[in-house]
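This report is meant to be read beside the sequence and the three-dimensional structure.

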Amino acid sequence: METKNILIKDAIILKQENINGKIIQSGKKESLLIENDKIAEISPKIDSIAIDKVIDGTNKILLPGLINTHTHISMNLFRGLADDMELDPWLNNHIWPMESKLNGDYCYIGALLAQVEMIKSGTTTFNDMYFFMEDVARSVEESGIRGCLSYGMIDFGDSKKRENEFRENISLIKKCNNQANGRIKTFFGPHSTFTTSKELLEGVREKANKYNVGINIHMNETQKEINDVIEATGKRPFEYLDDINFLNEDVLAAHGVWLSKEEIAIIKKNNVKISHNPCSNMKLSSGISPVNELLANDICVSIGTDSVASNNNLDMFEEMKFASLLQKVNTLNPKLLPAGEVINMATLNGAKSLGLENDIGSLEQGKYADMILIDINSPNLTPMSNQISSNLVYAANGSNVHTTICNGEILMENRNLTKLNENEILEKAKIVIDELKSI
């Protein structure tokens with residue numbers, strides 16, 4: 001029998017409050033009722049005559065499912081392919097040649113492999129830009145998690161390639177937007193300012209307005225990128241996009257590492273969202289995003305892992321910890337980016353970045369039931385800090401996730417997946433990886 005109503009009893013429920021401009025995390029023992037796909041009630045005692053499933057929340061923290069706002073999940077097939085090098089040689093000499101061998105079936109398996117990893121480490125929503133995205137959508141339909149999908153558009157000024165890129169992305173939007181019981185959302189995905197023409201970028205802005213979807217783009221990731229765009233356009237990347245009226249509140253820009261004061265003002269003016277990818281930025285030696293300065297300017301900053309080819313995992317708990325520590329060591333100020341603020345970045349700010357803040361990102365009555373349970377009866381979470389956000393950010397990792405629920409459906413309970421066959425996916429992924437290496 002399909003579970004409709006789920007009662008999570010006596011869990012420590014994480015609440016997020018903005019008090020005098022500071023994010024305060026609090027938690028107290030309460031119960032939460034899920035009816036179908038929504039949160040119906042949160043209170044110390046819940047009586048219901050129609051409970052299909054009861055989950056014991058004793059010794060567990062209940063928090064919103066984590067939202068990974070920048071990924072390329074089919075690249076899970078490329079984990080460890082090319083380590084310890086800068087972005088340009090990493091892309092040109094290793095990643096792009098391997099990507100030329102991909103097909104829809106390979107990307108489907110790579111996406112399933114990634115979703116196993118995300119479900120097991122507490123991510124319930126991911127934002128993806130890549131290729132063969134209708135095959136990725138097929139994997140999201142099966143996995144049960146929430147996916148925001150865009151096709152990675154690259155034309156290098158070639159008009160015929162540009163036509164194909166629009167054809168691919170528009171096909172994705174028409175076929176997949178709001179599919180999988182609404183779990184799939186689609187975006188346009190121009191790769192970056194240095195891999196796309198002005199004509200493509202202007203066309204994306206026009207089509208995004210027409211189809212009422214958002215835009216994903218890589219921005220200001222490396223110093224070389226900045227120099228290349230200045231040489232080509234006479235302007236820094238955000239100045240260039242502002243000049244062609246590309247920017248709007250529906251734009252989610254990944255990285256935002258090398259930003260001038262003027263560009264930060266442009267980001268704020270246009271209400272552009274930034275996805276911070278600390279581990280990838282460190283591993284590729286790209287630099288450190290001025291996250292604290294962005295947040296101080298009331299700019300919405302969320303967290304993404306980037307792909308496992310440059311990370312090398314999808315553990316958002318690890319990403320939260322590095323996001324906080326990186327700002328502290330960069331400024332020599334231990335008070336910056338405290339744990340509560342980082343959790344907010346990985347949950348509610350992630351939802352805002354995807355235009356989903358009314359649906360997910362916090363545990364509130366009427367929102368979709370996207371949530372995870374953390375087992376605190378673990379060596380690395382003992383003792384619990386008085387501030388539970390401290391343990392979640394500085395001590396926890398993905399292996400502490402006990403249960404993952406998305407859209408009211410249990411995807412993992414007691415570390416066991418309920419929809420996806422983990423062993424079968426691992427075996428298929430190994431076969432695909434071997435095939436790619438042999439081509």
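What follows describes a predicted model, beginning with the sheet and ending with the backbone.

**The sheet and the helix on it**

Strands of a sheet pair through backbone hydrogen bonds, in either a parallel or an antiparallel sense. Here an open sheet of 8 strands runs in the order S6-S7-S8-S9-S10-S11-S12-S13, and its pairing is parallel. At the edges stand strand S6 (66-71) and strand S13 (301-303), each of which pairs on one side only. From one strand to the next the twist averages 25°. Within this sheet, strand S11 (residues 251-255) and strand S12 (residues 273-276) pair in the parallel sense over 3 bridges, and Ala-254 has Ser-275 in S12 as its bridge partner. Helix H11 (residues 316-331) packs on the sheet, where it touches S6, strand S7 (123-130), S12 and S13, and the direction of H11 makes about 80° with that of S6.

**Two helix contacts**

Two packed helices are described by the angle between their axes and by the distance between the axes. The table gives these values for two pairs.

| Helix pair | Angle | Axis distance |
|---|---|---|
| H3 (residues 133-143) and H4 (residues 159-176) | about 25° | 10 Å apart |
| H11 and H14 (residues 388-395) | roughly 95° | within 7 Å |

Because an angle under 35 degrees counts as roughly parallel, helices H3 and H4 are roughly parallel to each other, and H3 passes H4 in a right-handed crossing. On the H3 side the contact involves Met-133, Glu-134 and Ala-137, which meet Ser-171, Leu-172, Lys-175 and Cys-176 in H4. Sorted by class, the contact of H3 with H4 has 4 nonpolar, 1 polar and 2 charged residues.

**Aromatic pairing**

With ring centres required to lie within 6.5 Å, the count comes to 4 aromatic pairs. Among them, Trp-96 and Phe-156 form an edge-to-face pair, with 6.4 Å centre to centre and 80° between the planes. Trp-96 lies in helix H1 (residues 87-99), whereas Phe-156 lies in the loop between strand S8 (146-153) and H4, so the pair ties together parts that are 60 residues apart in sequence.

**Backbone details in the loops**

Most residues other than glycine have a negative phi, and most peptide bonds are trans. Against that background, a cis peptide bond joins Asn-311 and Asn-312, with omega at about 20°, and Asn-312 lies in the loop between S13 and H11. The peptide bond from Thr-382 to Pro-383 is also cis, with omega near 0°, and Pro-383 is found in the loop between strand S14 (371-375) and H14. Asn-212, a residue other than glycine, has a positive phi near 55°, and Asn-212 is placed in the loop between helix H5 (198-211) and strand S10 (214-219).

Note on methods. Residues are numbered from 1 along each chain as its sequence is written. This is a predicted model: local features need pLDDT of at least 70, side-chain atom pairs count only at pLDDT 80 or more; totals for chains, interfaces and linings use all residues. Side-chain values use heavy atoms; hydrogens and water are left out. Axes are lines fitted to C-alpha atoms, for helices over the stretch in contact, and angles run from 0 to 180 degrees between N-to-C directions. Helices (H or I, at least four residues) and strands (E, at least two) are DSSP runs, numbered from the N terminus. Angles under 35 degrees count as roughly parallel, over 145 as roughly antiparallel, 65 to 115 as roughly perpendicular and the rest as oblique. A crossing is left-handed if the near helix is turned anticlockwise from the far one by less than a right angle, and right-handed if clockwise. Contact means heavy atoms within 4.5 Å. Ala, Val, Leu, Ile, Met, Phe, Trp, Tyr, Cys and Pro count as nonpolar, Asp, Glu, Lys and Arg as charged, and the others, Gly among them, as polar. Two strands pair if DSSP finds at least two bridges between them. Rings of Phe, Tyr and Trp (its six-membered ring) pair if their centres lie within 6.5 Å; planes under 30 degrees apart count as stacked, over 60 as edge-to-face and the rest as tilted.
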